[in-house]
Amino acid sequence: DDDGEMDGIGGKHCCRWIDCSALYDQQEELVRHIEKVHIDQRKGEDFTCFWAGCPRRYKPFNARYKLLIHMRVHSGEKPNKCTFEGCEKAFSRLENLKIHLRSHTGEKPYLCQHPGCQKAFSNSSDRAKHQRTHLDTKPYACQIPGCTKRYTDPSSLRKHVKAHSSKEQQARKKLRSSTELHPDLLTDCLTVQSLQPATSPRDAAAEGTVGRSPGPGPDLYSGKDSKGRANHNYPFLGLLLWLKGMLT
């Protein structure tokens with residue numbers, strides 16, 4: 001959570017309600033100002049947040065207390081503090097504190113509703129995420145070409161995609177370091193020319209190639225000869241050419 005709206009000069013807490021720019025030294029002063037000046041003085045049932053840049057875009061609440069709780073997002077107020085010794089966690093909403101306290105007590109009141117499953121969780125959102133693992137469908141698919149991984153929730157997919165990115169960066173780093181250590185190795189291999197063996201007149205007559213131009217040499221890109229057979233003289237040229245393309 002944010003620590004409240006801070007003014008750039010002097011580290012003061014600034015009110016950003018429309019047509020207000022009051023500054024306060026303490027967060028508690030800003031909280032009281034918002035409640036007494038901007039909320040309590042509003043008439044009727046107009047519980048709308050007029051904080052500059054609020055994502056609600058002037059959508060009103062249906063109760064005063066809901067607007068007060070919402071204003072903690074802007075002021076940074078966190079009145080719900082953890083009561084366990086040594087823990088300094090604090091939360092703007094009471095329900096978030098209750099969920100946090102279960103990390104200390106080990107309480108897991110949300111049981112998986114799938115028949116035969118004994119899993120339990122401290123909050124309903126984790127239970128919902130788990131219960132999707134019992135379904136056959138995994139709607140979140142990896143979009144990287146060649147990868148067929150699918151997941152039941154978007155957070156697992158994001159972790160998987162990050163792993164892809166990390167592996168790719170490591171591979172590129174290894175390729176660059178190897179070519180820096182041996183800069184002429186790749187160039188020499190890629191400039192190998194196909195050599196046509198000399199054909200004697202007797203061999204040419206036997207093969208019926210007299211008066212004909214020599215056929216194509218071996219295919220350096222695929223490692224095969226002109227008839228599509230594996231050419232063992234060039235077993236790695238296809239790989240080397242691929243590496244060159246990765247580095248350019």
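This is a predicted model: local features need pLDDT of at least 70, side-chain atom pairs count only at pLDDT 80 or more; totals for chains, interfaces and linings use all residues.
Leaving aside its neighbours within four places in sequence, which residues is H130 in contact with?

Reply: Happy to. Residues are numbered from 1 along each chain as its sequence is written, and side-chain values use heavy atoms, with hydrogens and water left out.

Now to your residue. Once neighbours within four places in sequence are set aside, H130 is in contact with C112, C117, K119 and F121; contact here means heavy atoms within 4.5 Å. H130 sits in helix α4, which covers residues 124-131. Helices (H or I, at least four residues) and strands (E, at least two) are DSSP runs, numbered from the N terminus. H130 counts as buried because its relative accessibility is 14%. The cut-offs are these: buried is under 20% relative accessible area, exposed is over 50%, and partly exposed is in between, using a 1.4 Å probe and protein chains only.

What does the record say about the wider chain? In an unreviewed entry, the UniProt annotation "domain: C2H2-type" covers residues 13-43, 52-79, 80-109, 110-139 and 140-169. UniProt positions are given in the numbering used here, feature names are shortened, and annotations may be inferred rather than shown by experiment. Take two of those spans. Residues 80-109 are 40% helix and 13% strand, with their end C-alpha atoms 21 Å apart. For residues 140-169 the end C-alpha atoms lie 24 Å apart, and the span is 53% helix and 13% strand.

R64 counts as partly exposed, because its relative accessibility is 33%. Not counting residues up to four places away in sequence, R64 touches E35, I39, D40 and F47. R64 and F47 are 17 residues apart in sequence, yet their C-alpha atoms are 6.0 Å apart in space.

Rings of Phe, Tyr and Trp (its six-membered ring) pair if their centres lie within 6.5 Å; planes under 30 degrees apart count as stacked, over 60 as edge-to-face and the rest as tilted. By this rule there are 2 aromatic pairs. One of them joins F50 and Y58: the ring centres are 5.6 Å apart and the planes are at 35 degrees, so this pair is tilted. Ring pairs link W17, F50 and Y58 into a cluster.

Y58 is in the loop between α1 (27-39) and α2 (64-75). D19 also has a positive phi of about 65 degrees without being a glycine. You'll find D19 in the loop between β1 (13-14) and β2 (23-24), and D19 counts as exposed because its relative accessibility is 83%. Most residues other than glycine have a negative phi.

Finally, the whole chain. The protein chain has 8 helices and 8 strands, and buried residues make up 25% of its 248 residues. As for pLDDT (the predictor's confidence in each residue, from 0 to 100), the chain's mean is 75, and 66% of its residues reach 70 or more. Over residues 217-223, pLDDT stays under 50.
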